[in-house]
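Student: I have a new structure open and would like to go through it. Could we take it topic by topic?

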Amino acid sequence: QLQASGGGLVQAGGSLRLSCAASTLPFSTYAVGWFRRAPGKEREFVAGISRSVSRNPGNTAYADSVKGRFTVSRDDAKKSAYLQMNSHIPEDTADYFCAVAFTFSSIRYYTSPSQYSYWGQGTQVTVSS
């Protein structure tokens, strides 16, 4: 139901843009989260964006490690969400996943993987130093 894409190999300081496309889901009714899992580590919240019709429409949240470097956005007409990643550092190397949660709440309360209902497959990002 979700398809993540856009990963690849990038040099430190470079940029990548990940996309998350929904197929059958009523995408506009879901909040979107981006997570990553680095080798040997747990899956962690990276960024998220609230649904467009909610108490906090389009509200965004970011992990401290990516604030100022990553930007999350969505285009409900295209049933897609995006993660623009700039100024990559080697620690960004991970498999990145998009997921959706049916909630009207601010995305800042939705940073746990267990809160998300549907997941896309991961897309790998490798940052070389």
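Tutor: We will go through the disulfide, the aromatic rings, the charges over rings and the pocket. This is a predicted model, in which local features need pLDDT of at least 70 and side-chain atom pairs count only at pLDDT 80 or more, while totals for chains, interfaces and linings use all residues. Residues are numbered from 1 along each chain as its sequence is written, and side-chain values use heavy atoms, with hydrogens and water left out.

Student: How many disulfides does a search of the whole structure find?

Tutor: The search finds 1 disulfide, a term for a pair of cysteine sulfur atoms within 2.5 Å. Cys-20 and Cys-98 form it, with their sulfur atoms 2.1 Å apart.

Student: And which parts does that pair tie together?

Tutor: Cys-20 belongs to strand 3 (residues 16-22) and Cys-98 to strand 9 (residues 94-101), so the link joins parts 78 residues apart in sequence. Strands here are DSSP runs of E, at least two residues long, numbered from the N terminus.

Student: Is Cys-20 buried or exposed?

Tutor: Cys-20 is buried, at a relative accessible area of 0%, and Cys-98 is buried at 0% as well. Buried means under 20% relative accessible area, exposed over 50%, and partly exposed in between, with a 1.4 Å probe and protein chains only.

Student: Changing topic: how many aromatic pairs are there?

Tutor: The count comes to 9 aromatic pairs. Rings of Phe, Tyr and Trp (its six-membered ring) pair if their centres lie within 6.5 Å; planes under 30 degrees apart are stacked, over 60 edge-to-face, and the rest tilted. Phe-35 and Tyr-116 have ring centres 5.1 Å apart and planes at 80°, so this pair is edge-to-face. Both Phe-35 and Tyr-116 are buried.

Student: Which residues do ring pairs link into a cluster?

Tutor: The cluster consists of Phe-35, Phe-45, Phe-97, Tyr-110, Tyr-116 and Trp-119.

Student: Where does the charged end of Arg-74 sit?

Tutor: It sits over the ring of Phe-27, 4.8 Å from the centre. Arg-17 lies over the face of Tyr-82, at 4.0 Å from the ring centre. The rule asks for NZ of Lys or CZ of Arg within 6 Å of the ring centre and within 35 degrees of the ring normal.

Student: Last topic: what is the volume of the largest pocket?

Tutor: Its volume is about 160 Å³, the space filled by probe spheres set on grid points joined across faces, edges and corners. On a 1 Å grid over the protein atoms alone, a pocket is an open set of points where a 1.4 Å probe fits, with protein on both sides within 12 Å along at least five of seven lines; lining residues have an atom within 4 Å of a point. The lining includes Arg-36, Lys-41 and Asp-92.

How values were computed:
Helix = DSSP H or I, 4+ residues; strand = E, 2+ residues; numbered from the N terminus.
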